[in-house]
Amino acid sequence: MNFIKKYSAILCFSMLPLCTIFSQLQKKPLTEVNFEKVQLLDSYVSEGVSIGDIDLDGHLDIVAGPLWWKGPNFKEKYAYDTVKYFPIIGPGLEGYSTIFFTFTGHIDNNRWTDILQVGLPGEDSKWIKDPGKSSYAFIEGVPKTKYLPALSKVGHESPVFVNIIGDENNELLAFSDGRLVIGVPSKKVKEEWKVLAISEVDPSRFPVYSHGLGVGDINGDGLLDIIERRGWWEQPINWDESALWNFHSYPFSPGKGGAQMFAFDIDGDGDNDVVTAMDGHGYGFSWFEQIRDQGEIVFKEHKVMTHKKEDNPYGVSFSQLHALTIADIDNDGIQDIVTGKCYYAHNGRDPGAEEPAVLYWFKTHRWGNGIVELIPYQIDDDSGVGRQIATHDLNGDGKIDIVSSNKKGVFVFIQK
C-alpha cells in the first residue's frame, strides 16, 4: 500500500492531468497532529498577531492590536492602548482595522519586550516601549498610550521584522517612498528609524499596496537575501549599508503577489527553495525548486493549489492566502507551511469570499528520489488568517501552536 501511495504521488507531479484519477486511490499519510481551538476575542481589532513575553514572567503572551493575553492560559486580557473594534465591511477603508501588523521584540535593547505596530499601507509605523509595565487589565476606556516613531510610510502588505543584516537587532523590511528599504531602530528612542535603501526609487514598481515579501539565503553564502514576487535581491558581502543590492529577476508570483515569502530546503538537496502564495486576493500556492543551470540559480515551479480542486491530489483549493508562515508542525525536523483564507480581505469582493474561512498546515513530505509533496491538513474552517499569523510553542510541551487575528476575531490553536 505504501508503494501505491508513493507511486500515485509521483505520477501526480509528473503527469498532473492524471491526478484526478489517482487522488481517488491516494489517501493522506496518517498524522497524529491535532489542535484545540480557543477563541480569545470575537471582535475585529487587527489583521495581525504576534507572540512574546510582554510581562517578563517567563511565559509567552499573545498580542493582537492594542490587546495582549497572558500566557500560558491566555485567560487574562490586558490593553496597552485604547481598544477600538472595527466593522468587517464598509466603504473605502472603513471596513479595515488601522492595525495591520504587530511585532514583538527588544527595540531599545533593554530587558522588556516592546511592540511594533504597522498600520494601513502607506502609514508610518510606530512602537510602544515596555508595554508590560503599563498595561491595564482590560476594561472599556483604557487611556490612549504614547507611541514612538519607527519607519515612515510603510508601503507593503507583507512587511517583515527580522534580523537581516546580522547586527543582533531586528529590522523592518518594507517598501517606503517608492523603494525597497530596511528600517533600522534608532539608538535614540524618540527619533525615526534609519532607512537603508536596497533599490532605486521607482514608485511604479514599489507601490504602497503590494504583496509578497520575505527573506532567506538563496545563494548559500550565509547572508539573508530578500525575496519579493518579481525575484530576489542578493545581500552584498561586507555590505557598507549604502550600495544597492543586486536584483535577480524571477516571476515567483507574476500577478498581485501573495503573502509572506520564505526560502528553506524543501526537497532536502542542500539548497534553499522558495514558497509563496500566488495571489493574496485570489487563488494559487506554489513552491519553487532551486536548480543550478551552468552555475546560475534558476527555479522550477511546483503548483500545490490552483483555483481548481482537481489540480491538488487531495482536492483542496481555497482563495485569499494573505498570510503564510513556516514551522515544524509535526516535529520531524523539516519545516512545514501554515496558511489559510483571509476572511473578507476585500470586504467580500474577492473570488471565493463566501467560502469557509479555513486554516491549514501543509506537511513537507519527502518521498525520496527528489519527489516532494506539500500535503494539506485542515485545522479549522471558521477562523482563517488575516495579514499575519504567528507560531511558537506557547505552553512548553515541545509542540508548535498557531495564533491568528482577523475579521472573525483572535484565535489560538493549541497542538495536543
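Author: Contact means heavy atoms within 4.5 Å. This is a predicted model, in which local features need pLDDT of at least 70 and side-chain atom pairs count only at pLDDT 80 or more, while totals for chains, interfaces and linings use all residues. Residues are numbered from 1 along each chain as its sequence is written, and side-chain values use heavy atoms, with hydrogens and water left out.

Reader: Of the contacts with a separation of 6 or more, what percentage joins residues 24 or more positions apart?

Author: Such residues account for 52% of those contacts in the chain.

Reader: How is the radius of gyration of the chain to be read against the globule rule?

Author: The radius is taken over C-alpha atoms, and the rule is 2.2 Å times the number of residues to the power 0.38. In DSSP runs (helices H or I, at least four residues; strands E, at least two; numbered from the N terminus), the chain has three helices and 29 strands. Its radius of gyration is 21 Å, close to the 22 Å that the rule gives for 416 residues, so the chain is as compact as a globular protein of that length.

Reader: Which residues have the most contacts inside the largest nonpolar core?

Author: In soluble globular proteins, nonpolar side chains tend to be buried together. A nonpolar core is a set of buried Ala, Val, Leu, Ile, Met, Phe, Trp, Tyr and Cys residues joined through side-chain atoms within 4.5 Å; buried means under 20% relative accessible area (1.4 Å probe, protein chains only). Here the largest core has 41 residues, and those with the most contacts inside it are Val 275, Phe 285, Ile 329, Ile 337 and Phe 362. Strand E26 (residues 371-380) supplies the largest share of this core, five residues. Buried residues make up 58% of the chain's 416 residues.

How values were computed: Buried < 20%, exposed > 50% of the residue type's maximum accessible area, 1.4 Å probe, protein only.
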